[in-house]
Amino acid sequence: QVQLVESGGGLVQPGGSLRLSCVASTRSFSIYTMAWYRQAPGKQRELVAAITSGSRTNYADSVKGRFTISRDHAKNTVALQMNSLKPEDTAVYYCNADMRIGTGGGFWGQGTQVTVSS
């Protein structure tokens, strides 16, 4: 069992930045692929960014060049730095731990709201 706790969401103006963080309570953090998903109202949950145990990264086309995912094995954390935010980035963002990228399974955090609005 892996517990994930997200933080860092909030309200930001278009063009602004936010940094999301997720702490994982597991001794096996290093074996998991960590990811951030998001779900906007009325839309399906989508993969935003993922990072493997070997720090290989994967991004949705809509966030490439604006978002950066990183992980710290010593602190059991994964972060998502979000720059140049757009209103369409508004969603609940979820931290995920899984054995592979994009299965939609694994363990989930409770989510943190990100709202981009002027």
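A contact, in this tour, means heavy atoms within 4.5 Å. The model on screen is predicted, so local features need pLDDT of at least 70 and side-chain atom pairs count only at pLDDT 80 or more, while totals for chains, interfaces and linings use all residues. Residues are numbered from 1 along each chain as its sequence is written, and side-chain values use heavy atoms, with hydrogens and water left out.

**Whole chain**

Select the protein chain, which has 0 helices and 11 strands; helices (H or I, at least four residues) and strands (E, at least two) are DSSP runs, numbered from the N terminus. Along its principal axes, the C-alpha trace spans about 40 × 25 × 25 Å. Among contacts between residues at least 6 apart in sequence, 54% join residues at least 24 apart. Of the 118 residues, 43% count as buried, where buried means under 20% relative accessible area, exposed over 50%, and partly exposed in between (1.4 Å probe, protein chains only).

**The open sheet**

Next, select the strands E1, E3, E8 and E7, which in that order make an open sheet of 4 strands with antiparallel pairing; two strands pair if DSSP finds at least two bridges between them. Strand E1 (3-7) and strand E7 (67-72) stand at the edges with a single partner strand each, so one side of each is left without a neighbour in the sheet. Now keep E3 (residues 18-25) and E8 (residues 77-82), which pair in the antiparallel sense over 6 bridges; on E3, Leu 18 has Met 82 in E8 as its bridge partner.

Move on to Thr 26, in the loop between E3 and strand E4 (33-39). Thr 26 counts as buried at 15% relative accessibility, and, leaving aside residues up to four places away in sequence, Thr 26 touches Val 2, Tyr 32 and Asn 76.

**Aromatic pairs**

The ring centres of Tyr 32 and Phe 107 are 6.2 Å apart and their planes stand at 85°, so the pair is edge-to-face. This pair links distant parts of the chain, with Tyr 32 in the loop between E3 and E4 and Phe 107 in strand E10 (residues 107-108), 75 residues apart. Tyr 32 is buried, at a relative accessible area of 12%, whereas Phe 107 is partly exposed, at 23%.

Finally, select Tyr 37, Tyr 94 and Trp 108, which ring pairs link into a cluster.

Methods
Rings of Phe, Tyr and Trp (its six-membered ring) pair if their centres lie within 6.5 Å; planes under 30 degrees apart count as stacked, over 60 as edge-to-face and the rest as tilted.
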